[in-house]
Amino acid sequence: MRLVKPSLEWKQQHENFMVKWGSDRMVPSSMDLSGFDTYEEFLFALDLRAKGEHPWVPSSHYFLIDGKDQIIGMVDIRHELNEFLRNIGGHIGYGILPSERKKGYATYLLKEVLTKCKELQIDQVLITCDEDNIGSAKVIMNNGGIEDDLFITEEGVMKRRFWISIK
Ligand SMILES: CC(C)(COP(=O)(O)OP(=O)(O)OC[C@H]1O[C@@H](n2cnc3c(N)ncnc32)[C@H](O)[C@@H]1OP(=O)(O)O)[C@@H](O)C(=O)NCCC(=O)NCCS
């Protein structure tokens, strides 16, 4: 298992991932290819985001690759928090391919990503999930998440908020 940055080399795999993901909202949304005419356009937009071009904060983006060189998950690290991220989005967003869920991959992915957070000198990592996202809450708690106050969005969605201290 390894983390790699999106590049042209992964175009076909990324397109396959989109098909296998299905019609649910892509998480993280930064990896959604819909709305782009070409993969180069997607990579360009992702690069602007990574550099923190307004309205984004600087970020890092990775695919989780399995032993067969297949993309099985995706993750964003937001390097700093703005008001939206502090309440709703958090530092990290991840998604695992539906067919690969409940195999421990998200727990593994978050553990690896926390080492990236350390390199980025993010000492306190905020991760959030919807109140009914039991799987994601477990992933966060498996990695030492300590729960903070809930945030309720304007739409009435309850967001659970967890902090992980990076040693
Ligand atoms: C949430 C998500 C990332 C979990 O990925 P995963 O690879 O299945 O997670 P893991 O296999 O590491 O599971 C961690 C724990 O949660 C449990 N779990 C996972 N999905 C679950 C579910 N739908 N319901 C109940 N428990 C679940 C696992 O059994 C495991 O329990 P354990 O620690 O007691 O063994 C995945 O379901 C997903 O991509 N969902 C859509 C996107 C999303 O919600 N992202 C998170 C945004 S906050």
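Which residues form one aromatic cluster?

## The aromatic cluster

Phe36, Tyr39 and Phe42 together make up one aromatic cluster in this predicted model.

Tyr39 and Phe42 both belong to helix 2, which covers residues 39–50. The two positions are three residues apart, about one turn of the helix. Both Tyr39 and Phe42 are buried.

## The pair in helix 1

The count of aromatic pairs comes to three. One of the pairs is stacked: the rings of Phe17 and Trp21 have planes at 25° and centres 5.8 Å apart, so the pair falls in that class.

Helix 1 spans residues 11–21. Because Phe17 and Trp21 are four residues apart in helix 1, about one helical turn separates them. Phe17 is buried, as is Trp21.

## Charged groups over rings

Trp21 also takes part in a contact of another kind, in which the charged end of Arg101 sits over the ring of Trp21. The distance from this charged end to the ring centre is 5.1 Å.

A further arrangement involves Arg49 and Trp56. Here Arg49 lies over the face of Trp56, at 3.7 Å from the ring centre.

Definitions and conventions:
Residues numbered from 1 in each chain as written. Predicted model: local features only at pLDDT ≥ 70, side-chain atom pairs only at ≥ 80, totals over all residues. Heavy atoms only, no water. Phe/Tyr/Trp six-rings, centres within 6.5 Å; stacked < 30°, edge-to-face > 60°. Buried < 20%, exposed > 50% of the residue type's maximum accessible area, 1.4 Å probe, protein only. Lys NZ or Arg CZ within 6 Å of the ring centre and 35° of its normal.
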